[in-house]
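This report covers salt bridges and a surface patch. The sequence and the structure come first.

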Amino acid sequence: MKEETVVTLKGIKKAFSREQVLCGVNFSVFPGETVAIIGLSGAGKSTILRIIAGLEVPEEGEVYLYRRLATSASRLILPPWERKIGFIFQNLALWEHLTVYEHLKFVTSEEEHLVRLLHLFELWDLRKKVPAKLSGGQRQRLAIARALAQRPALLLLDEPFSNLDPIRKKKFRRELLRIKEEENLNLIYVTHDPNDLRLLADRILVLHEGIILQGGRLSELLAQPVHPIVKELLTL
Amino acid sequence: MTKIALRAYLALIFFPPLLALLAAFGAHLFSAKGLDFFFVKSLLNTLFLAFASSFLCLLISFPLALLLAKVPLPGAKLGAVILTAPLLFLPYQTALAWSFILPEPLLGLLFSPVGVVFVFTLSFFPLLFWPLYLAFLSIPAEAEESALLLYPPGKVLWKITLPYVKPYLLGGLGLCLFFCFAEIGVPVYLGVPVIGSEILTRFAAFYDIAGALRSSLPLALLGLLFFLAERPFLSRWEFPVRWETTRGLKFSSPYLLILTVSFLVFILFLAVFFPLFLLFHKALSADWQKVLLQVRGPLWRSLLYGLVASLGSVFLIFWAQPFLASREKGLWEALGLLVFFLPPVALAVGLIFFWGHFPLVYASPLLLLLGLWGRFTFLPQRLLAEAWRRFDKKCLEAAYLTGRPFFTILLKIVFPPFRPWIGLAIVLFFIFAVNEMALSSLLYPPGGAPLAVAIYTLSVNTPLSFAAALCLLNTLMILLTISVLFFFFRPRSYERRNSRHP
């Protein structure tokens with residue numbers, strides 16, 4: 001642990017109803033890095049994000065956030081709300097009874113920051129609307145704005161673009177990269193889309209049968225896959 | 001801490017009557033006395049009345065729910081809402097109302113098992129109508145439409161629609177059966193002996209707690225049977241909340257439209273408008289000064305008992321939702337349902353047996369509240385569990401990550417989507433608690449009778465117009481209270497154009 005890391009996972013094991021989902025996951029994310037996690041459905045990709053956020057507790061293993069022990073073998077040392085993590089859920093998990101403005105107001109009391117986010121994500125004119133009145137893309141923007149409202153150091157994205165059409169996906173990727181630079185964010189995201197990997201990820205982790213099978217740049221993984229599934233997942 | 005408090009609350013509510021059941025079992029085993037002939041006859045009477053009334057409830061509710069849901073009739077929803085009205089009435093008041101108008105030969109029929117079946121049917125059919133109506137409305141349209149591409153509507157109804165509504169039909173039918181089985185006010189008024197009234201009379205006359213306990217045993221065992229038979233169906237209820245359907249199977253024949261209107265008007269006339277009109281007409285000749293003087297105390301007590309019991313139970317169960325592990329929740333739900341299906345007389349006798357050793361509880365309104373909590377806590381348990389099931393837990397996780405205090409999250413994120421469910425649970429609990437007769441007759445504190453009991457006792461030695469006026473006031477009190485509750489808990493539009501937004 002001499003090198004500065006944002007997140008470090010050591011020997012993470014997690015089972016659901018006796019089914020072992022993660023069987024000793026180890027990896028680190030370094031400052032400024034964008035890491036993508038890929039794998040088959042049910043491989044445990046989302047579980048890794050949830051463990052980092054403190055929403056799940058692993059049976060074994062440790063999670064370090066900025067070299068501080070956050071979770072240790074079935075024990076939550078740092079609760080989710082003290083981890084300064086933004087999370088964009090796959091289904092967005094918007095609060096259907098709150099307006100756009102109230103979503104951000106619930107997260108932050110800094111009015112200036114809030115207004116900036118509303119403008120940044122083109123939500124200012126929609127600030128009085130509830131999620132049910134927003135389009136798919138607007139809802140997605142709201143979810144990202146909410147995650148950024150608490151000024152997180154780390155943003156976790158669980159298949160963030162799965163509900164978007166290709167044109168919006170492209171736009172969002174660009175915007176995400178811009179925000180990442182502006183806010184000095186670290187990103188970890190789960191995806192199935194090879195384009196996300198190509199355009200966003202600095203490093204890709206391939207999760208298979210409960211372990212990180214291989215990790216590295218896209219070109220490295222394509223050049224020297226350690227298992228046929230790696231190439232298959234990357235070239236879908 | 002909350003978990004411990006909740007477990008203590010639920011244990012306090014559910015275990016005393018169950019322990020009393022065990023005691024009754026012991027008392028029965030070691031007692032030389034058996035059940036006398038009259039007692040067995042009352043039991044058979046009770047079963048006959050319950051089965052016959054439930055069958056008639058089915059005959060009314062099924063076609064009515066099907067027609068209102070599947071025939072495009074303007075104002076069908078309003079009709080369905082008005083059909084709920086009999087649940088707001090004391091079942092006894094329907095019997096009273098019909099006794100004002102029926103001529104001599106028919107009056108004899110009313111004061112017989114036939115009359116009890118008639119009144120039970122008019123009072124309890126909404127318990128079957130509503131689950132069926134909502135189930136018919138919420139059938140996935142695609143399921144019916146895909147079948148309509150292959151088969152005529154009759155076959156689609158038989159093969160697709162009916163299997164979907166089956167758990168609601170059997171669950172609702174069980175509820176009708178149980179409520180008819182447990183009701184004692186109507187049979188007592190119409191002079192038909194039932195097992196509940198027998199226990200009540202024996203207990204009130206001789207204060208023989210061991211005898212009452214022993215006599216309650218068959219009732220409790222039947223309650224257990226209800227529980228076992230009903231649990232599979234009620235646990236499959238998903239509380240369909242879709243309120244209108246525009247697609248799927250529809251019957252748009254003008255004949256069916258006429259049939260629907262006629263049937264609806266006929267039932268509304270029999271169960272709602274005519275009894276209300278008769279009561280109102282009779283109440284006009286009452287001495288209202290005396291009525292208002294007599295009613296004041298019982299009315300306030302009814303309101304207080306009903307509100308304390310419903311609000312207390314619902315908010316505790318709401319508070320508990322995030323804390324209970326699902327497996328444990330299943331256990332408490334099963335216990336809640338079991339106590340709900342204990343006939344109220346047996347429950348009351350059990351509570352008296354158990355709490356009789358604690359004078360502070362025994363002679364206070366707390367005993368009645370405990371009875372009401374035990375009897376109806378199942379309602380908020382089930383409704384709020386359903387609300388919790390529908391609530392996206394990721395919304396809660398997203399709120400946790402913001403670092404806002406727990407109470408803020410509970411109030412601002414969890415409470416709003418729960419609001420209509422909480423309101424519904426409070427309203428249902430309140431209505432059932434206020435109109436509960438058997439439990440209240442046995443458990444009310446000295447000098448603290450609620451209105452349902454007061455009406456009954458006053459009606460014995462006052463003119464019928466007096467009782468009619470009291471019944472109307474009871475209905476009015478319930479209507480006003482649920483209107484206020486509706487105002488607070490109504491589903492709201494959350495878009496606020498003129499709020500504090502910049």
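Asp196(A) and Arg173(A) form a salt bridge, with 2.6 Å between the closest N and O atoms; the term stands for a side-chain nitrogen of Lys or Arg within 4 Å of a carboxyl oxygen of Asp or Glu. Because Asp196(A) lies in helix 6 (residues 194-200) of chain A and Arg173(A) in helix 5 (residues 166-183) of chain A, the pair ties together parts that are 23 residues apart in sequence. Helices (H or I, at least four residues) and strands (E, at least two) are DSSP runs, numbered from the N terminus.

Asp196(A) has a relative accessible area of 3% and is therefore buried. Arg173(A) is buried as well, at 6%. Buried means under 20% relative accessible area, exposed over 50%, and partly exposed in between (1.4 Å probe, protein chains only).

## Basis of the values

The model is predicted: local features need pLDDT of at least 70, side-chain atom pairs count only at pLDDT 80 or more, and totals for chains, interfaces and linings use all residues. Residues are numbered from 1 along each chain as its sequence is written, chains are lettered from A and ligands numbered from 1 in the order in which they are written, and side-chain values use heavy atoms, leaving out hydrogens and water.

## Lys14(A) and its partners

Over all chains, the whole structure holds 16 salt bridges. One of them joins Lys14(A) to Glu56(A), whose closest N and O atoms are 3.7 Å apart. Lys14(A) sits in strand 1 (residues 7-16) of chain A and Glu56(A) in the loop between helix 1 (45-53) and strand 4 (60-65) of chain A, so that distant parts of the chain, 42 residues apart, are linked. Both residues of this pair, Lys14(A) and Glu56(A), are buried.

Lys14(A) also forms a salt bridge with Glu59(A), at 3.8 Å between the closest N and O atoms. This pair again links distant parts of the chain, 45 residues apart, with Glu59(A) in the loop between helix 1 and strand 4 of chain A. Lys14(A) has a relative accessible area of 8%, whereas Glu59(A) is partly exposed at 34%. Through shared partners, salt bridges join Lys14(A), Arg50(A), Glu56(A), Glu59(A) and Glu397(B) into one network.

## A nonpolar patch on chain B

Leu221(B), Leu224(B), Leu225(B) and Leu228(B) form a nonpolar surface patch with about 370 Å² of accessible area together. Patches are made of residues with over 30% relative accessible area and no salt bridge, like charges being joined within 9 Å and nonpolar side chains (Val, Leu, Ile, Met, Phe, Trp, Tyr) within 5 Å. Accessible areas come from the Shrake-Rupley method with a 1.4 Å probe; for residues, only the protein chains shown count as cover.

Leu224(B) belongs to helix 12 (residues 209-234) of chain B. Its relative accessibility is 35%, so Leu224(B) counts as partly exposed.
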